[in-house]
Amino acid sequence: MRDLPDAEIALPPSPRAYPGVNWEGLKTLYLREVRRFMKVGMQTLAAPVVTALLYMLVFVVAVGGGRQVHGVDYGTFVAPGLVMMQILSNAFANSSSSLLQAKFNGLMGDFLTPPLTPAEHVAGFGAGAATRGVVVGTISLLAVLPFARLPIAQPWAIAYFGLGAALIMGFVGIMAGLWSEKFDHMAAVTNFVIMPMTFLSGTFYLVERLPEPFRTASHYNPFFYLIDGFRYGFTGVAESNLFVGVAMTAGLVLATGLACLRMFQVGYKIKT
């Protein structure tokens, strides 16, 4: 075979180099996640608000009856917990459903083909999930305001615990989405892990009033510290140790984020 001149040799295109962070790719993935839940706003935004209002109707109007908890009206006590419930559940649902649907439809290659590192994948999916959690939480907060007086005692606690909870559940959703192989697996995580931890975290009651061993067990539930810290931002009264809650929230954000990073690095259930 004769040698071809250099001008006639066809070489494959070199891969595009992205020094540092691929900001354009990260932005695209993030916007994809945000637009995904915005397109079905009736399901992802309106439905959680209706759920929060129904809880307010049942627990405040029908059950509360003018009661006070820690010196505040029962509605003021319950409302932050309901808002946090929406943040937790919606942040988890966004990242978990996105990955599971991509796996179910054979579209994981759409995420793996672009020049994105595992860290950028985690950041994109996590930020998109946190955005949905914060947006739904904000709308739910505005919806319950006519039914509960909510002063703002510590704005930093509202922002810290609200954003921390959204990131934690966004990362947990990534792990669940990568682990699940069918929708039954995701339903099991939601029904047997997320929901029980949410309802047994002091959303509607004081944990200190529980009998043992449930009172002690509740203090090992991370949702208890997230909800109590978030409620503290409004009422200025905390049932738990705030230092423990702040440290635990930061630790969980770091731990869950690193776990997601490792799963993407090894291609857990996405490269086999």
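I started with the crossing of H3 and H6, which comes out right-handed in this predicted model. H3 covers residues 74-104 and H6 covers residues 155-179. Their axes come within 7 Å of each other and cross at roughly 30°. I call H3 roughly parallel to H6, because angles under 35 degrees count as such. Sorting the contact of H3 with H6 by class, I got 16 nonpolar, six polar and one charged residues.

Next I turned to the pockets. The largest pocket has a volume of about 720 Å³, and 27 residues line it. Gln-43, Ser-89, Asn-90, Ala-93 and Arg-132 are the ones nearest its centre. Which elements give two or more residues to this lining? I noted helix H1 (23-38), helix H2 (41-64), H3 and helix H7 (183-199). H3 turns up again as the top contributor to the pocket lining, with 10 residues. By class I have 13 nonpolar, 11 polar and three charged residues around the largest pocket.

How many cavities of 30 Å³ or more does the structure hold? I found one. The largest cavity holds about 60 Å³ of space. I listed its lining as Val-69, His-70, Val-72, Phe-77, Leu-206, Asp-228, Arg-231, Thr-235, Val-237, Ala-238 and Glu-239. Helix H9 (residues 222-235) supplies the largest share of that lining, three residues. The class count for the cavity lining is six nonpolar, two polar and three charged residues.

Notes
Residues numbered from 1 in each chain as written. Predicted model: local features only at pLDDT ≥ 70, side-chain atom pairs only at ≥ 80, totals over all residues. Heavy atoms only, no water. 1 Å grid on protein atoms, 1.4 Å probe; cavity = no way out; pocket = protein on both sides within 12 Å on 5 of 7 lines; lining within 4 Å. Points joined across faces, edges and corners; volume = space filled by probe spheres on them. Helix = DSSP H or I, 4+ residues; strand = E, 2+ residues; numbered from the N terminus. Nonpolar A, V, L, I, M, F, W, Y, C, P; charged D, E, K, R; others polar. Axes fitted to C-alpha atoms, helices over the stretch in contact; angles between N-to-C directions. Parallel < 35°, antiparallel > 145°, perpendicular 65-115°, else oblique. Left-handed = near helix turned anticlockwise from the far one by under 90°.
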